[in-house]
Amino acid sequence: MTTPPPALLIAGHGTRDEAGAEAFRDFVRELGRRHPHLPVAGGFIELSPPPLGEAVAELVERGVRRFAAVPLMLVSAGHAKGDIPAALAREKERHPGISYTYGRPLGPHPALLRVLERRLEEALAGTSGERSDVTVLLVGRGSTDPDANAEVHKAARLLWEGRGYAGVETAFVSLAAPDVPSGLDRCARLGARRIVVLPYFLFTGILPDRVERQARDWAAAHPELEVRSADVVGPEPELLDLVMERYEEAVGGDLRMNCDSCVYRIALPGFEDKVGLPQQPHFHPDDDGHHHGDGHGHGHHHGGHTHSHAH
């Protein structure tokens with residue numbers, strides 16, 4: 001008798017924007033449609049239903065004993081490093097006998113860079129001029145984790161290489177500098193005349209909307225410059241394929257996670273107190289019927305992460 005492959009569990013961050021949460025849920029359903037012989041479920045660590053614990057319970061009710069969890073996130077910040085592993089460890093206690101492996105976040109990956117390039121071309125559609133006249137401002141979520149912010153800079157550099165744009169600068173919409181207006185100021189000081197603000201986000205939500213609004217406000221104050229806003233990555237075929245690639249890596253044990261600049265493992269200047277912090281799962285308001293002993297509610301405390309993700 002052939003052993004069935006591990007199920008696929010998609011772990012999302014969560015958003016207060018219902019359209020963004022539904023985009024995630026649609027994405028999970030589409031993965032299930034594309035892979036009808038593979039049990040697929042998805043949940044959030046905070047803010048949006050269903051909680052990750054409910055998704056695990058759904059898989060268990062379907063007879064699943066083994067699964068691979070893939071974080072539907074672009075960078076390895078505190079959620080991917082601490083919150084999700086802690087939540088998975090909690091689910092293992094709730095459901096004795098299950099086992100799982102944990103994959104790595106999605107970016108930066110050549111497939112995502114191709115989608116970002118497509119979003120730039122869409123934003124520039126109908127305009128004249130060359131790529132060499134266009135400066136891109138790639139805007140990430142922003143994190144208190146310097147390693148995560150550095151990954152956005154890496155994505156920006158990889159997007160710039162070989163594509164002929166005047167430059168690709170980086171900004172963040174929360175928790176990290178430079179913010180969007182400051183990033184646009186930098187583009188202008190570098191001589192940019194045409195700027196495309198490119199959100200480094202998978203789906204719509206409150207933060208991508210904020211990026212667009214801030215870009216529009218800055219453009220209104222600088223009418224001498226052409227400023228356009230691009231769309232988020234969205235549920236493109238490349239993203240669906242990439243999630244399956246991360247799933248197959250996790251199943252095969254090929255994780256290749258880079259921990260050289262992780263604040264939970266390396267004493268980076270200003271972040272020395274984070275080394276070795278214990279993992280703490282988020283409390284999800286929809287995850288009822290269980291005791292929550294972490295006591296930090298919806299806060300963004302990110303504990304240490306494990307570097308051996310096979311359990």
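Four strands make an open sheet in the order 6-5-7-8, and their pairing is parallel. The edges are strand 6 and strand 8 (226–229), each of which pairs on one side only. On average, neighbouring strands of this sheet are turned by 25° against each other, direction ignored. All of this describes a predicted model.

Strand 7 (residues 194–199) pairs with strand 8 in the parallel sense, over four bridges. Within that pairing, Ile-195 has Val-227 of strand 8 as its bridge partner. Helix 6 packs on the sheet and touches strand 5 (134–140), strand 6 and strand 7. The direction of helix 6 makes about 160° with that of strand 5. Helix 7 (residues 206–221) lies across strand 5, strand 7 and strand 8. Helix 7 runs at about 170° to strand 8.

Another open sheet has four strands in the order 2-1-3-4, with parallel pairing. Here the edge strands are strand 2 (40–44) and strand 4 (99–102), and each pairs on one side only. Neighbouring strands are turned by 25° against each other on average, direction ignored.

Strand 1 (residues 7–12) and strand 2 are joined in the parallel sense by five bridges. Leu-8 has Val-40 of strand 2 as its bridge partner. Two helices lie across strand 1, strand 3 and strand 4: helix 3 (residues 78–94) and helix 8 (residues 237–252). Helix 3 runs at about 175° to strand 4. Helix 8 runs at about 130° to strand 3.

## Helix 8 and its helix partners

Two packed helices are described by the angle between their axes and the distance between the axes. Helix 8 packs against helix 4 (residues 110–124). The angle between helix 4 and helix 8 is about 165°, and their axes lie 9 Å apart. That makes helix 4 roughly antiparallel to helix 8. Their crossing is left-handed. From helix 4, Ala-111, Leu-112, Val-115 and Arg-118 meet Glu-238, Leu-239 and Leu-242 of helix 8. By class, this contact has five nonpolar, no polar and two charged residues.

Helix 1 (residues 18–34) also contacts helix 8. The axes of helix 1 and helix 8 come within 11 Å and cross at roughly 70°. Helix 1 is therefore roughly perpendicular to helix 8. Helix 1 contributes Phe-27, Glu-30, Leu-31 and Arg-34 to the contact. Helix 8 contributes Pro-237, Leu-239, Leu-240, Asp-241, Val-243 and Met-244. These residues divide into seven nonpolar, no polar and three charged.

## Helix 4 against helix 5

Helix 4 also packs with helix 5 (residues 146–160), at an angle of about 70° and with the axes 10 Å apart. That makes helix 4 roughly perpendicular to helix 5. Helix 4 passes helix 5 in a right-handed crossing.

On the helix 4 side, the contact uses Leu-113, Leu-116, Glu-117 and Leu-120. On the helix 5 side, it uses Ala-155, Leu-158 and Leu-159. By class, there are six nonpolar, no polar and one charged residues.

## Backbone exceptions in loops

Most residues other than glycine have a negative phi, and most peptide bonds are trans. Leu-47 has a positive phi of about 75° although it is not a glycine. Leu-47 sits in the loop between strand 2 and helix 2.

Pro-50 is placed in the loop between strand 2 and helix 2 (52–61). A cis peptide bond joins Pro-49 and Pro-50, with omega about 0°. Ala-177 and Pro-178 are likewise joined by a cis peptide bond, with omega about 0°. Pro-178 is in the loop between strand 6 (167–172) and helix 6 (180–189).

## Confidence

The protein chain has an average pLDDT of 87, and 83% of the residues score at least 70. Over residues 289–311, the pLDDT is below 50. This stretch still has 69 contacts in the model beyond near neighbours in sequence. Where pLDDT is low, the predicted coordinates should not be read in detail.

How values were computed. Residues are numbered from 1 along each chain as its sequence is written. This is a predicted model: local features need pLDDT of at least 70, side-chain atom pairs count only at pLDDT 80 or more; totals for chains, interfaces and linings use all residues. Side-chain values use heavy atoms; hydrogens and water are left out. Axes are lines fitted to C-alpha atoms, for helices over the stretch in contact, and angles run from 0 to 180 degrees between N-to-C directions. Angles under 35 degrees count as roughly parallel, over 145 as roughly antiparallel, 65 to 115 as roughly perpendicular and the rest as oblique. A crossing is left-handed if the near helix is turned anticlockwise from the far one by less than a right angle, and right-handed if clockwise. Contact means heavy atoms within 4.5 Å. Ala, Val, Leu, Ile, Met, Phe, Trp, Tyr, Cys and Pro count as nonpolar, Asp, Glu, Lys and Arg as charged, and the others, Gly among them, as polar. pLDDT is the predictor's confidence in each residue, from 0 to 100. Two strands pair if DSSP finds at least two bridges between them.
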